[in-house]
Amino acid sequence: MITLRQLEFALAVAKHKHFKRAAEECNISQSALSLGIAELEKQLDTQIFERNNKQVLITPIGEEILDRAQRVFSEISDLVTRAHNHQTPLAYPMTIGIIPTVAPYLLPKVLPTLKKSHPNFELSITEKQTERLIDQVRYGHIDTAIIALPYPVEGLHTFEFWGEDFFAIFPKGDEHASSKHITSGELSKTNLLLLGEGHCLTDQVLSVCQMNKSEIKSGFSEASLNTIIQMALSGMGTTLVPKMALDQLSTIHDLTSVPLSEPGPHRRLAFITRLNYARVDDVRILSEIFHQAMTEDAKKHG
């Protein structure tokens, strides 16, 4: 019979494309891992991997088998979690993915409240772009993720907890710095600096402003939002930032923020998790805690 351990070996090899590193992850010898893979392929009467001294390749049927194996592991993980949950909220560790344009601004606002309400809750954070986080949630690599909507999330639970608007930033002295608001038409005439492909913030800005990518003079696929902000403050153009970022930027004396005039909220923050996730109630509780923390922060900062 096929065993979970054999599937674990195969998934590790698929992850690393290397038998030695896969064996180290599984904490066994390379020969034992190879034997387990060979036994799995014998049981299935199918070759999963092509290997030689230089590389490991996955066969087409191997791709399908490994995809199903990952789903099995996700189901097993959820089953074990549910069996140990005992109805105690946030009693077990959780890994949360957060997009880079949210994590550095959101976490300082919400973690103190979370720590106060659940001091023993063990939280791990990973930062990745939205598409990768959604895949990791679907396949059970992480428990939940915080993303910015709108974004396609079919087949997942979604718990919205906050909405916010975008602000354009300018160095003091810029012709727009004294404006009460800025329209998308005015933005289109500036050197608008945005993150590159794969960043949902860029897609959301373009959607809110009803602009095409061809209208953007500058896009930076590898830059962070903080880098784009520094470029804008150096007079190289302007960019749009979410409202939650303004607190950290308020310490920069040469900066002025101008609200975008388009109707908001311009983006909505939400937790996502898979439909069969055993601890979906914990995700719901987290969304309520984050909403509470953001509401209190908004009152504090007007």
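The following legends describe close-up views of a predicted model.

Because the model is predicted, local features need pLDDT of at least 70 and side-chain atom pairs count only at pLDDT 80 or more, whereas totals for chains, interfaces and linings use all residues. Residues are numbered from 1 along each chain as its sequence is written, and side-chain values use heavy atoms, with hydrogens and water left out.

**Figure 1. Overview of the chain, which has 11 helices and 12 strands.** Helices (H or I, at least four residues) and strands (E, at least two) are DSSP runs, numbered from the N terminus. The C-alpha atoms fill a box of roughly 70 × 45 × 30 Å, taken along the principal axes. Of the 302 residues in the chain, 46% are buried; buried means under 20% relative accessible area, exposed over 50% and partly exposed in between, with a 1.4 Å probe and protein chains only. Contact means heavy atoms within 4.5 Å. Among contacts between residues at least 6 apart in sequence, 73% join residues at least 24 apart.

**Figure 2. Crossing of helix α1 (residues 4-16) and helix α2 (residues 19-26).** The two axes come within 8 Å and cross at roughly 130°, so α1 is oblique to α2. Axes are lines fitted to C-alpha atoms, for helices over the stretch in contact, and angles run from 0 to 180 degrees between N-to-C directions. Angles under 35 degrees count as roughly parallel, over 145 as roughly antiparallel, 65 to 115 as roughly perpendicular and the rest as oblique. The crossing of α1 and α2 is right-handed; a crossing is given this term if the near helix is turned clockwise from the far one by less than a right angle, and is left-handed if anticlockwise. On the α1 side the contact is made by Arg5, Glu8, Phe9, Ala12, Val13, Lys15 and His16, and on the α2 side by Phe19, Arg21, Ala22, Glu25 and Cys26. These residues divide into six nonpolar, one polar and five charged. Here Ala, Val, Leu, Ile, Met, Phe, Trp, Tyr, Cys and Pro count as nonpolar, Asp, Glu, Lys and Arg as charged, and the others, Gly among them, as polar.

**Figure 3. The open sheet of three strands, in the order β10-β7-β11.** Pairing within the sheet is antiparallel; two strands pair if DSSP finds at least two bridges between them. The edge strands, β10 and β11 (255-259), each pair on one side only. From one strand to the next, the twist averages 40°. Helix α8 (residues 200-209) packs on the sheet, where it touches β7 and β10, and its direction makes about 100° with that of β7. Helix α9 (residues 225-236) also packs on the sheet, touching β7, β10 and β11, with its direction at about 130° to that of β10.

**Figure 4. Pairing of strand β7 (residues 166-171) with β10.** Four bridges join these antiparallel strands. Phe166 has Pro242 as its bridge partner in β10, and Phe167 has Val241. In a regular strand the side chains alternate between the two faces of the sheet. In β10 (residues 239-242), Thr239 and Val241 point one way and Leu240 and Pro242 the other way, and all are buried.

**Figure 5. Strand β5 (residues 144-149) and its pairing partners.** Six of the six residues of β5 are buried, and the strand is mostly covered. Thr144, Ile146 and Ala148 point one way, while Ala145, Ile147 and Leu149 point the other way. Strand β3 (residues 94-98) pairs with β5 in the parallel sense over three bridges, and the bridge partner of Ile98 in β5 is Ile146. Strand β12 (residues 267-274) runs antiparallel to β5 and is joined to it by five bridges; in β12, Ile272 is the bridge partner of Ala145.

Figure 6. Beyond its neighbours within four places in sequence, Leu114 is in contact with Leu90, Pro119, Phe121, Leu123, Leu286, Ile289 and Phe290. Leu114 and Phe290 are 176 residues apart in sequence, yet 7.7 Å apart in space, C-alpha to C-alpha.

Figure 7. Thr126 counts as buried because its relative accessibility is 16%. Not counting residues up to four places away in sequence, Thr126 touches Thr95, Ile96, Gly97, Ile98, Gln136 and Ile142. Thr126 and Glu160 are 34 residues apart in sequence and 20 Å apart in space, C-alpha to C-alpha.
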